[in-house]
Amino acid sequence: MNRCTHCDEDILIPIYSDLDKDHKEPFCCNGCLTVFNVINMKGLNQYYEIKKSSDIFKRRSPVETKHQRFSYMDAPEFVAEYSYLNLKKQRTMEFYLEGIHCLACLWLIEKLPEFLADVETARLDMQKSVATISVKSEGRFSSVARELNNLGYKPHPLKRNQSTHDFRKKEDRKMLLKIGIAGAGAGNIMLYAVSNYAGAPVNLSKIFNVISMIFAMPVFFYSATPFYQTAWNALKNKTLSIDVPIAMSLIMGVIMGVYNLITGVPDNYFDSLTALVFLLLLSRYFLNKIQNDGLTANDLNFFYEGNSVLKKEGSGFVEIHPQFLRAGDIIKVGSNEMIPADGKILEGESLINSSLLTGESRPENVKADSEVFSGTINLTNEILISVERTKEDSRIGKILKAVESGWLQKSHIVDLTNMISKYFTAAVLLLSGALFVYMYSHGTAHAALDKALTLLIVTCPCAMALATPMTLTRTLSRSSRKGMIIKNNEVIEKLSHIDTVFLDKTGTVTYGMLKVDTFNILKQPQISVYSIITSLEKFSTHPVATALKEFAVTMDKTADLDVQNYIEVPGIGVKGEINGRIYEIRNGKIFENDEVVASFSLLDHIRPDSQQAVKNLQSMNVNVAMISGDQKEIVQAIATDAGIKKDNMHSEMSPEQKLAMIEKTPHSLMVGDGANDAMALSRSYVSVAVLGSLDISLRAADIYLTTAGIAHIPDLITISKETMKVIKRNLILSALYNLLSVYAAFAGFISPLTAAIIMPVSSLTVLISTLIGTKKLNRILVKKERQ
Amino acid sequence: MEVLPIVIPLAILLALCFIGGFIWMTMKGQYDDLETPAMRMLLDQKEVKKTPLEITEDKLDPNKD
């Protein structure tokens, strides 16, 4: 299949630039083509060369070219709140950029100072998709944002909460320090440990042990603090976690090591234990890092706040950021713009698409005095709105609150590793007790205590504690590269229990926009039917007009002709005169001088991959259901098309009804995109938001798919099941190694040397087992992006 | 074996130097973004004009040291 020259998405119907006569550079949409032209015009076409030779870093979606206003970014109050002075005293703002994608994006963004006079420096953090841009003293952020938008990266200014930002950074650095010190300690101790095992003379061995202890102390008392903390928390809550036996081993190790050093016994376990601390910290650090790389709730505020609004001030309008909107303000909302607050229409008549809020796919007619809600989209005409409720008081704000409280109530699971560690800790304690009794009956109390403590140290579940984070890290990082961002690791285990999948309809199973379904030419008019459409509908932004225009362009060459006496009747259609004949498009028909020449019907089309995804899910014995706020006939038509069983079609569901249904189904997976799904998403066992979702769905969901549609849902379940298989295999392997050390302890040949061999070997085995994965897992996760 | 009293303190000193260096680098923010610099170095920078790109976040000033 063809891939878009700009965004690398698969193309259904390619479009080409007028200059590209040989059709060498296909595009998926006009947005991508526009950006391609802008980039070429600025002489930045090296972008495409770099892109060709580099790997895709993150998947991106086609560029949406939308008219955007950015001048609100120059308002002093906005600048004061969103920007800061960097260390060189330059005014700096951070933008989250949509569409950061590969090496070439980095090149393009960091080239900004060269072709935009306003910019002093530009830095991009690819992992977070955040650009830090500082401007010259007279530079304006609005022109920076406009430029970024023109280049195809929709910018969202980030309000930097300095204290939490700095706090997170400090925590991150502290963790790195702990890891580094543990690594250095373990490495240096190993030098002396190896000399001791190789048979260093007694006087030297004593010195080596002292040095080892010095290096071990910072590791035990600084690096290992997280283990003591989590172990203590678990004990306080009267549970056991995997950290309890680890902390126990570490403490015993220190006590025994120091005691032996004082009494002149050469044995200590500093080498194995410090290496263990290092490895464990490292594996947890990576797992943590990968989870934080996904979208975090804090970073998502801006999606909902949206872009600027026009507020009436005196006789004119000024642009402000929606955050500064108050009740009583009068705002102007143009066509195809999101309504930023709840209110009443003062002037104007238009169509409103509230599918994100209610799930209803048919646009709703509104006129003066109609109530409108924030989060809905004004489709056709400009309207004046008197603001009544903003932010948290608005309907969407209330849903948002419900979502946030839903999150807190969400069920947490005790993951497999921690569940096993309960039995493990109990078993280790029992065995140590047994060993003590056994040794005491055969010898002295001192020797018995020594052996029992040794057993506690050597049965430290290092491989077991390593196994799970390593496996999860691999799965999370690989799936995020495939466009499946899993927000926390618990979800992977939960996914394997899923028995029912609830799908939202609009925008999830379907495209979420009208497309021409049937088109019949009944009589050839004087000019081509497609030219009639293109000419007559060129001023209209009605969804029907958009669908028809798109259709006409793909069918045939069209001519843009002059239209006289043009009128658009909202809710009915358009009428106009071309070459002396009157043409009309209304009610699914096209007229020439009052005679029907063509008829058409429109439908929100099902995505081509939806059927296959439903089939795959059903073959995994997962019950698939549709849950939608839309009307019965539409839901039934789409659900039948997708292959969903008749009793599983639920239509005209309010957000509350959706929530009730989800709560009735304990192991459910909900897929959705709108505000109407958000409450259900926040409470379902596992929830998935797809590309194009409203921010509150993104926030409510556990998993975010950067690709549209449900094709990845079966993959997610497979990934989870296979990942759990790897985790179980790892746990069994590490349990075997622990059995071996228990046996060695009872048989009497346990020593620091055996521990120094068993511990790394077991960790290595688990690492290899993780890297090998399973066949099915690799098929989904490792498969090359481009064949 | 007579060399050990000299070599061991040296080894420890060396280790301490590296640990100190590591702590210093971490505190200065050299490890804050591990992804982008690896990619940035692949790009041709010769066309960049007089203003070198600076790490705006950190106190490190490449012109100073």
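Visitor: How many residues does the contact take from chain B and from chain A?

Guide: Contact means heavy atoms within 4.5 Å. Here 40 residues of chain A and 34 residues of chain B take part. This is a predicted model: local features need pLDDT of at least 70, side-chain atom pairs count only at pLDDT 80 or more, and totals for chains, interfaces and linings use all residues. Residues are numbered from 1 along each chain as its sequence is written, chains are lettered from A in the order in which they are written, and side-chain values use heavy atoms, with hydrogens and water left out.

Visitor: What area do chain B and chain A bury between them?

Guide: Buried area is the accessible area (1.4 Å probe) that two parts lose on being put together, summed over both. For chain A and chain B the value is about 3,400 Å², with 63% of it on carbon and sulfur atoms.

Visitor: How many salt bridges does the rule find across the interface?

Guide: A salt bridge is a side-chain nitrogen of Lys or Arg within 4 Å of a carboxyl oxygen of Asp or Glu. The rule finds two between chain B and chain A. One of them is listed as D32(B) with R173(A), whose closest N and O atoms are 2.6 Å apart.

Visitor: What confidence does the predictor give?

Guide: The complex has an ipTM of 0.71 and a pTM of 0.73. For each residue, pLDDT is the predictor's confidence, from 0 to 100. Chain B has a mean pLDDT of 72, and 66% of its residues reach 70 or more. Over residues 48-65 of chain B, however, the pLDDT is below 50.
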